[in-house]
There are 4 protein chains.
Amino acid sequence: MFPPRTIFPALGGALRRILLVRKPGDPRTLRAAADMATWLRREHPDTQVLLELPATRMPPPPGVRTDADHAEPRPDGDAMRSLAQTCDMVSSAEVRELAKDIHLVVALGGDGTLLHVSSLFQGPVPPVASFSLGTLNFLPPFRIDEFPGVLNRAYDGAIRVSYRDRLVCHVVRDSPASLTSAATVREFVASRSKGGDGEPPVTAAQPLKLHVMNEVLVHRTPVPAMASIDCRVDGQLLTQAIADGLIIATPTGSTAYSLSAGGPLVHPEVPGILLTPICPRSLSFRPALFPQSSLISLQATSTGPRAPVSLDVSVDGELIGQVAPNDAVHIHGGGEPVPYISHVEGAGGADWVANINERLRWNQSFMEHGATSGATDPSSSW
Amino acid sequence: MFPPRTIFPALGGALRRILLVRKPGDPRTLRAAADMATWLRREHPDTQVLLELPATRMPPPPGVRTDADHAEPRPDGDAMRSLAQTCDMVSSAEVRELAKDIHLVVALGGDGTLLHVSSLFQGPVPPVASFSLGTLNFLPPFRIDEFPGVLNRAYDGAIRVSYRDRLVCHVVRDSPASLTSAATVREFVASRSKGGDGEPPVTAAQPLKLHVMNEVLVHRTPVPAMASIDCRVDGQLLTQAIADGLIIATPTGSTAYSLSAGGPLVHPEVPGILLTPICPRSLSFRPALFPQSSLISLQATSTGPRAPVSLDVSVDGELIGQVAPNDAVHIHGGGEPVPYISHVEGAGGADWVANINERLRWNQSFMEHGATSGATDPSSSW
Amino acid sequence: MFPPRTIFPALGGALRRILLVRKPGDPRTLRAAADMATWLRREHPDTQVLLELPATRMPPPPGVRTDADHAEPRPDGDAMRSLAQTCDMVSSAEVRELAKDIHLVVALGGDGTLLHVSSLFQGPVPPVASFSLGTLNFLPPFRIDEFPGVLNRAYDGAIRVSYRDRLVCHVVRDSPASLTSAATVREFVASRSKGGDGEPPVTAAQPLKLHVMNEVLVHRTPVPAMASIDCRVDGQLLTQAIADGLIIATPTGSTAYSLSAGGPLVHPEVPGILLTPICPRSLSFRPALFPQSSLISLQATSTGPRAPVSLDVSVDGELIGQVAPNDAVHIHGGGEPVPYISHVEGAGGADWVANINERLRWNQSFMEHGATSGATDPSSSW
Amino acid sequence: MFPPRTIFPALGGALRRILLVRKPGDPRTLRAAADMATWLRREHPDTQVLLELPATRMPPPPGVRTDADHAEPRPDGDAMRSLAQTCDMVSSAEVRELAKDIHLVVALGGDGTLLHVSSLFQGPVPPVASFSLGTLNFLPPFRIDEFPGVLNRAYDGAIRVSYRDRLVCHVVRDSPASLTSAATVREFVASRSKGGDGEPPVTAAQPLKLHVMNEVLVHRTPVPAMASIDCRVDGQLLTQAIADGLIIATPTGSTAYSLSAGGPLVHPEVPGILLTPICPRSLSFRPALFPQSSLISLQATSTGPRAPVSLDVSVDGELIGQVAPNDAVHIHGGGEPVPYISHVEGAGGADWVANINERLRWNQSFMEHGATSGATDPSSSW
Ligand SMILES: NC(=O)C1=CN([C@@H]2O[C@H](COP(=O)(O)OP(=O)(O)OC[C@H]3O[C@@H](n4cnc5c(N)ncnc54)[C@H](O)[C@@H]3O)[C@@H](O)[C@H]2O)C=CC1
Ligand SMILES: NC(=O)C1=CN([C@@H]2O[C@H](COP(=O)(O)OP(=O)(O)OC[C@H]3O[C@@H](n4cnc5c(N)ncnc54)[C@H](O)[C@@H]3O)[C@@H](O)[C@H]2O)C=CC1
Ligand SMILES: NC(=O)C1=CN([C@@H]2O[C@H](COP(=O)(O)OP(=O)(O)OC[C@H]3O[C@@H](n4cnc5c(N)ncnc54)[C@H](O)[C@@H]3O)[C@@H](O)[C@H]2O)C=CC1
Ligand SMILES: NC(=O)C1=CN([C@@H]2O[C@H](COP(=O)(O)OP(=O)(O)OC[C@H]3O[C@@H](n4cnc5c(N)ncnc54)[C@H](O)[C@@H]3O)[C@@H](O)[C@H]2O)C=CC1
């Protein structure tokens, strides 16, 4: 029922359309985009270069005081003029429409930029080349000055592609309570998801289907009263979570929000779905890992002492709406993965190990009796 | 500078005004209040009985879907008529004004009711008699049918009073950054708090001073982007917390929200202030306990890569407002404690031990090879 | 290099040799074994019934005071006489020799008995029928009075078999430091393990190869000085653990020792290897899950400030010896799994979910305002 | 019953006997001791300088393989000759006898040296001056080259002394089960402890009383079968711990073993006793803090399914013996504190905050999008 993931067509001569996605508000990503587009124009004139226009930022919600001292930098006029001549500017909506005809994505920025790239491709994802500008990225990035070599190798097809699995999340309004087997849940979700494929991440009355790179989060609203969430696996009640929230994460997401909530590190090649509670009102709630073949369903509890309340749903750090007790969030594996260009010498595993050691500072030892090491001899009394 | 806590005048003949506070929306607390008021009227006619009118409930925020199936129970007409004849109905605001002339509080309900009682008394608190109606209370309650004995003993002065410490929390707008010693912070807070004493828990521009029974919570707003909070102790930077939120809790509050966030159990007689992070973006953030004499200051970080954002502040489960980067939340010990009538035979400690074992199910062992116990003999091979 | 696991030949007419393994020291397992052997003799006279003789118990180590009050129960003479007539008594060593010709194992006891069964079969494992005698077992057991039906169905081949994966652990003396790639480590381990296959769990100078049902534990010796352990994945240094010990667990073992050390729950169908530290001397050591294809190597650190010391190695709760800094413990997936007869109606997953909920009391909520539930109406003020 | 702690007589002119304690096996501490003794001899010739002789190291237990490559450094002959002329060499036993007439202790080494100093003084402790030789110490140390100034100030009485509380631990053989109130336990412990004061830390049949700087540890023996420990507070059963072990720690010890076991950080000025389990066989065992006035009693469980076994008892990292089910370990506050000379400008609190931040790397944030900070403007789209 859930189709096998599409492995993106091998790169090679076919690199006719490249999408640049940059971290907004950072002049260096603007400069880098301009340089890269100019280079592409010159070296690979047959390639169309698309540049995603950042969405206009929301004004802050009323009542939220902002930092008055926060100065607005002047945009880099040169870079903008250069981009206007070398690229085609496209909105997020246009990117979503063109998705199947984009052959490579260049991400200029950090984790947030990669999550945004993921959100743009709700079907198959073209290979992503991730470049760091002082940022540190959960997908191992190249340095920006390496770009000519990296892109030339991509044109030659001489690159190594690794994958990150994504989950699929369905927010379904008025989900019947009668679905108690894996089969009926899957059938129902499939029936509702027709046409929902590739939906943009908006608060919608229609069923919503989204790919998940890091995690789905179901969380209490700001009034600090706990959420009560029924959690089902393959249609069977697993547990009722009374908590601030629940995280359903991919292995990639195990180093993101789930980690902060106390979850374990899960290597990206382990095919699992991670359930991590946020502030559970129980001493005995421990993170749990389920097989990637599981279908996990979350629903605000509709009976019992706690009045049922609506809950916030977020995917990959973006608030996508609220669910009422009759609605359900169904999550399962088998989403289209994100392919990314990795260093020829570094396997996916080595990258990940470096990331948890260097970036997350996993198992950093205390400052030890460092300097004494060479000189100490515990087997001698003097 | 912070005055020593006032121990409430001993009970005894002076029991001339009793306040009844009940859990709203629960017909049994209405019935119990009516019975108690009738009994008081008959047995102790010189005592004035006040009944706090529950505040009108807020309508749900727009966009929040509520459970349509949730039926409205019919209020108990008899009980209401009886109360109208035996009590003086008072609003929360009127209770706050009368606070110093109330000699005993009867709490009919659970933890939420006790927290509400605490919020009503921003100065000295009269002794609280807590009665359970099927609820379980963090202050050890009496059964409702025990009330005549308990109240008669209170009239006779033959009761045992235990205490729960409260912290004091100041929300101060435009807090100067130059306060870097314990003395200057305390002086500044005192100067700002003049007249703020006993302020109601509203979102206010003026400085706000509140007593804290469980905890102060500073938390990110619903958009799931992490908060960055500077945390100072006695004016010195302790740490910068990048997290969903920070909890500053009393020992009483150690079994509330802090516990859910992973904090330790702290016996109510330990004079400490507990700092527990919520979903810290760090592998090495561990709960920490500071002396009750510490002054802890929280402030949204105003510099650095993360844009400063406003944060939600809650006290004892009630959202009291937002703080912008220039504002500060200062918390210290020495608040007026909550005295409560306890069972003659049960010390505060025994109560607490029973509570963590029976209610929180602390250290519940797994289901063991139970039935085999008597019969197994590990020292024999047969 | 590591051969694919052998799925045990389908059951059916071929049930010619059954092994009974019982929990020693429990008269009820003796009684049950006698009843079952008598029944088998009568109903299936062509089947040879083996009964494993419990190994003689070690005397307590000198200096360890034992409980003088602990009475020795009289062995059940009737049951022993009956068994003498219906079974062939075999030692553990004899079971190991016969292993390939045993068609079914009946386990009478709890988790310890199942772990012992696992240790008896260092190659392919015949299906295990697990019977509870008041015990609770991590493999879902049948009630002892169900045995005729269960065994008859096994004879008819009408049973459902589920699997639990096992890891393989090699203790290798004088492991060269030059093995830094997955390939060289695997080659070296394979060369050393020749003939070590099926080794009994003894402290041995020769290389030792053992199947692992729950976990491998490397732990400091009783003097409470921390261990320092180099941990490699596929030949590359992952981390240096300064800790009381390290656990390398199967998903099955995730609910055993690893859980006590703070590890996550891992569903038995997730193909992963779990690394959980015990009392790490670091604030930032978090459990981590690696793909089942990983090869994990542990070695006492031989340089640095801490004097290298020998460490205790245990497999599935049995102390198997010590490793010095030059020795290494290599662990990888792909061991022969343990097949077990499960209830026709219960999938492996449902069994596991029941186990974590009912036995481990996962996510037990606090005692709530239980009785009030029906009566409370949070949307009304009265 | 437990006497109030003796505050050591103020320093000043009375500095007539100084004890040097050094980390054994470290040539630098030998050199430093020689320099300091020479200086003292010259500058303060009336002071007697004692140097504790390190106890002969135990040979490793049989069967424990040691690192053959571990070379023995040549002792520094010059330093030894110089010490022989300037100091009186004393054994640990002699230090214990002289304890009351020692006016200052100089600790040359790290945490282990400080714990050893604590163990030498089972009654009042003279002020300790802690000097670091590249080591990092939980009591904030001076640099070794600062010693003339520090010691001169000590002679002038111009120093600031801070305190660390110690617990007292009694190991009592054949503890009657009938002690169920705080009063009877305290009386019994006092009666047994007569004359036990100042006992050396040996495995003894007689009652043993020891001061505790970090923690008392009750732990399973090497065979990895869990311990079952009854834990009482003031004679009342608190819980039965099925675990690898239990830690009863001081606030000072909260950053030692307890931290590794998952315990919270407790500021040294909080008067509490911390209970932290090691690998509890329960999902719901959480560290707990009790008032310093509590009396905590630990005893191996003598009934129930698990055969009672002896347990290892360690104090401050030193194995002091085993307890059988009839024995009990009683722990309470009010031990003689350890006074130490601290920097004039650094309060005890500031020292501790520096220690948890710099040494334990508490709440270290992840590597962030560091370099981008200045340049990023989240409120702009370009
Ligand atoms: N308390 C917490 O830890 C929270 C974490 N988040 C995480 O942030 C993500 C959104 O990221 P941004 O848009 O950049 O929001 P953001 O600007 O709030 O950054 C969140 C942080 O998480 C890091 N991050 C994101 N994905 C990661 C991964 N897979 N592994 C390691 N670190 C990762 C980012 O680098 C950044 O430091 C969400 O998917 C969620 O996982 C969101 C809210 C709170
Ligand atoms: N994730 C969580 O654990 C959350 C906990 N809370 C806690 O709820 C409190 C407000 O309580 P309610 O108004 O009743 O809100 P509520 O109806 O949301 O109940 C919170 C739960 O906490 C319990 N509780 C409150 N104080 C406690 C204490 N001192 N010890 C043990 N349990 C306690 C209550 O009985 C109830 O089960 C807050 O002060 C906060 O501590 C609030 C939000 C989330
Ligand atoms: N602190 C702890 O939690 C310790 C746990 N163990 C565990 O005990 C196992 C040996 O078991 P026994 O011989 O029975 O020793 P045992 O008699 O010491 O029992 C250990 C406990 O672990 C349970 N257990 C064993 N395997 C389990 C599994 N896969 N899932 C859930 N619970 C399980 C047993 O039922 C028993 O309650 C070891 O493999 C190790 O996992 C061993 C020592 C300490
Ligand atoms: N897994 C663990 O964390 C273990 C910790 N220990 C601790 O070691 C102590 C004995 O210390 P050593 O004789 O030096 O043994 P050791 O040489 O085994 O060192 C133990 C480590 O704990 C540190 N340490 C000791 N006391 C400390 C404190 N109060 N705060 C912060 N760190 C502290 C030491 O600097 C050293 O890094 C014990 O009292 C116990 O607390 C002992 C065994 C295991």
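A polar contact, as the term is used in these legends, is a pair of N or O atoms within 3.5 Å. The model shown in the close-up views is a predicted one.

View 1. On the side of chain B, a polar side-chain atom of Asn214(B) lies 2.9 Å from a nitrogen atom of the ligand. When ligand 2 is taken alone it exposes 760 Å², and 90% of that is buried by the protein. There are 23 residues around ligand 2, and those that come nearest are Arg281(A), Asp111(B), Glu215(B), Thr255(B) and Ser260(B). Because the surrounding residues come from chains A, B and C, the site of ligand 2 is shared between chains.

**View 2. The make-up of the shell around ligand 2.** Two helices of chain B, α4 (111-120) and α7 (257-260), each supply at least two residues of this shell. It is α4(B) that gives the most to the shell around ligand 2, with three residues.

View 3. Taken alone, ligand 1 exposes 770 Å², of which the protein buries 90%. The elements that give two or more residues to the shell around ligand 1 are α4 (111-120) and α7 (257-260) of chain A, and α4(A) gives the most, with three residues. Of the 23 residues around ligand 1, those that come nearest are Asp111(A), Glu215(A), Thr255(A) and Ser260(A), together with Arg281(B). The shell holds eight nonpolar, seven polar and eight charged residues. Residues from chains A, B and D surround ligand 1, and the site is therefore shared between chains.

**View 4. Ligand 4, which lies between chains A, C and D.** A polar side-chain atom of Asp111(D) lies 2.4 Å from an oxygen atom of ligand 4, and a polar side-chain atom of Arg359(D) lies 2.9 Å from an oxygen atom of this ligand. The side chain of Asn214(D) has an N or O atom 2.9 Å from a nitrogen atom of ligand 4. Ligand 4 exposes 760 Å² when taken alone, and the protein buries 90% of that. Of the 23 residues around the ligand, Arg281(C), Asp111(D), Glu215(D), Thr255(D) and Ser260(D) come nearest. From chain D, the helices α4 (111-120) and α7 (257-260) each supply at least two residues of the shell around ligand 4, with α4(D) giving the most, three residues. The residues of this shell divide into eight nonpolar, seven polar and eight charged.

**View 5. A salt bridge between Asp244(A) and Arg220(A).** Side chains of opposite charge can pair when their charged atoms come close. Here Asp244(A) forms a salt bridge with Arg220(A), and the closest N and O atoms of the two are 3.1 Å apart. The pair links distant parts of the chain, 24 residues apart, since Asp244(A) sits in the loop between β12 (236-243) and β13 (245-249) of chain A, and Arg220(A) in the loop between β10 (215-219) and β11 (227-233) of chain A. Over all chains, a search of the whole structure finds 36 salt bridges.

**View 6. Chains C and D about their rotation axis.** Chain D is superposed on chain C by a rotation of 180° with 0.0 Å of shift along its axis, and the RMSD is 0.0 Å. The two copies are thus related as by a two-fold rotation axis. Of the residues of chain D, Pro222(D) comes closest to that axis, with its C-alpha at 3.0 Å. Because 100% of the interface residues of chain D are also interface residues in chain C, the copies meet through the same surface.

Key. Residues numbered from 1 in each chain as written. Chains lettered and ligands numbered in written order. Predicted model: local features only at pLDDT ≥ 70, side-chain atom pairs only at ≥ 80, totals over all residues. Heavy atoms only, no water. Least-squares fit on C-alpha atoms with pLDDT ≥ 70 in both. Contact = heavy atoms within 4.5 Å. Near = heavy atom within 4 Å. Polar contact = N/O pair within 3.5 Å; in protein donor to acceptor, adjacent residues only side chain to side chain. Areas by Shrake-Rupley, 256 points an atom, 1.4 Å probe, with all protein chains shown as cover. Helix = DSSP H or I, 4+ residues; strand = E, 2+ residues; numbered from the N terminus. Nonpolar A, V, L, I, M, F, W, Y, C, P; charged D, E, K, R; others polar. Salt bridge = Lys/Arg side-chain N within 4 Å of Asp/Glu carboxyl O.
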